[in-house]
Amino acid sequence: MDTSLIAFMESQLEQTTSTFHRYMYPQIAWDSRMFGLIGPRGVGKSTMFLQYIKEHRHEKQMLYVSAEHIYFTTHTLIEVADTFAIEGGQQLFIDEIHKYENWSRELKQIYDAHPEMKIGFTGSSVLDISKGQSDLSRRALIFTMQGLSFREYLSMFHDINVPVYALDQILHHEARIQSLLHPIPLFREYLQHGYYPFAAEGNFDMRLHQVVNQTMEVDIPQFANMTPATGRKLKKLLAVIAQSVPFKPVMDSLSTVIGTSRNVLPDYFLYMEQAGMIGQLRDNTSGIRGIGKVEEVYLDNTNLAYVLGGQATDTGNIRETFFYNQLRVTTNVISSRISDFTIDGKTFEVSGKKKASDGDSFGRKLYKH
């Protein structure tokens, strides 16, 4: 095996700690023949792979590579897999697979050529696993990971461990943080810079702007075969949304502001949603999760709202963004005709600046249909 790849893996493992695991860690089928972990930039996908390798490399021979490593300017993933197999390799992890031009075709070939080898890969959440020269949807299990919850933030940044509570437990006031008497100050910290694990590295605003720029100027255009000019229009569209969330999309007006055809705007919104930049609140007219008519558009999470929204950031919007961002991970959140959100027949009104006098409380009205 090429020594530069081994040295790269060892350096990455040396920098990785296992004191904290993301919520997705125990859910991944690590022993599957092929699986993918996708999600927005910066949520910890690479770290999760490295943690698993560090904790289990004594059990089997593993190799971790990054598809953006300079080695792959003159070599292929197939070459690496073939060599690794000859040397008795059992589990191959490929990071940033979306950076590799022929990723789907070569992954399929590796899967077919080495049935004894297990393959895991990470990729951008905009990655369509069924799109490409080879359909991997029948071969690979796909897991999607989002950013930190408040519970995870408390554990990772403050060493405060809180159990997972179901929505019904929260509604019945059964959720407790026994070791934290005053959670509001830490909750405010989380809302502003607690969604992304890289907040621990400092210079958070700068790092998040870099995530936004890479996502809008590289990831989405690369996936959708867009020109650089179109990438700039995407950033302009995101800026418009950031200044007026929750945003009711009016395609004719937007097309004039952005300088593009109204017919392509729904695709732009979908790409940004898949990439973890926005969330689109839909109704249930289709009867299928995530396919209804878009009623309102939010920034994906509260950290983006504070960094991109600037002076336009509104307390009520922050509350709604937090609610929608957190609940949609495990439930189907749809729009409500009489309030803000509907989940499993329950209607939620999330208090905003004009809805409740207590600026630190989350007001809620619950109706059962």
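Predicted model: local features only at pLDDT ≥ 70, side-chain atom pairs only at ≥ 80, totals over all residues.
Good morning, colleagues. I begin with the sheet. Five strands form an open sheet with parallel pairing, and their order is S2-S3-S4-S1-S5. At the edges lie strand S2, residues 62-66, and strand S5, residues 141-144, each of which pairs on one side only. From one strand to the next, the twist averages 15 degrees.

Strand S1, which spans residues 34-39, pairs with S5 in the parallel sense, over four bridges. Which residue of S5 is the bridge partner of Leu37? The partner is Phe143.

I turn now to the helices. Helix H2, residues 45-56, lies across S1, S2, strand S3 (91-95) and strand S4 (118-124). Relative to S2, helix H2 runs at about 160 degrees.

The next topic is helix packing. In general, two packed helices are described by the angle between their axes and the distance between the axes. Here, the axes of helix H1, residues 3-14, and helix H2 come within 10 Å and cross at roughly 95 degrees. Helix H1 is therefore roughly perpendicular to H2, since a crossing angle of 65 to 115 degrees counts as such. On the H1 side, the contact is made by Gln12, Leu13 and Glu14, and on the H2 side by Leu50, Ile53 and Lys54. Sorted by class, this contact comprises three nonpolar residues, one polar residue and two charged residues.

That concludes the presentation. Thank you for your attention.

Methods:
Residues numbered from 1 in each chain as written. Heavy atoms only, no water. Pairing = 2+ DSSP bridges. Helix = DSSP H or I, 4+ residues; strand = E, 2+ residues; numbered from the N terminus. Axes fitted to C-alpha atoms, helices over the stretch in contact; angles between N-to-C directions. Contact = heavy atoms within 4.5 Å. Parallel < 35°, antiparallel > 145°, perpendicular 65-115°, else oblique. Nonpolar A, V, L, I, M, F, W, Y, C, P; charged D, E, K, R; others polar.
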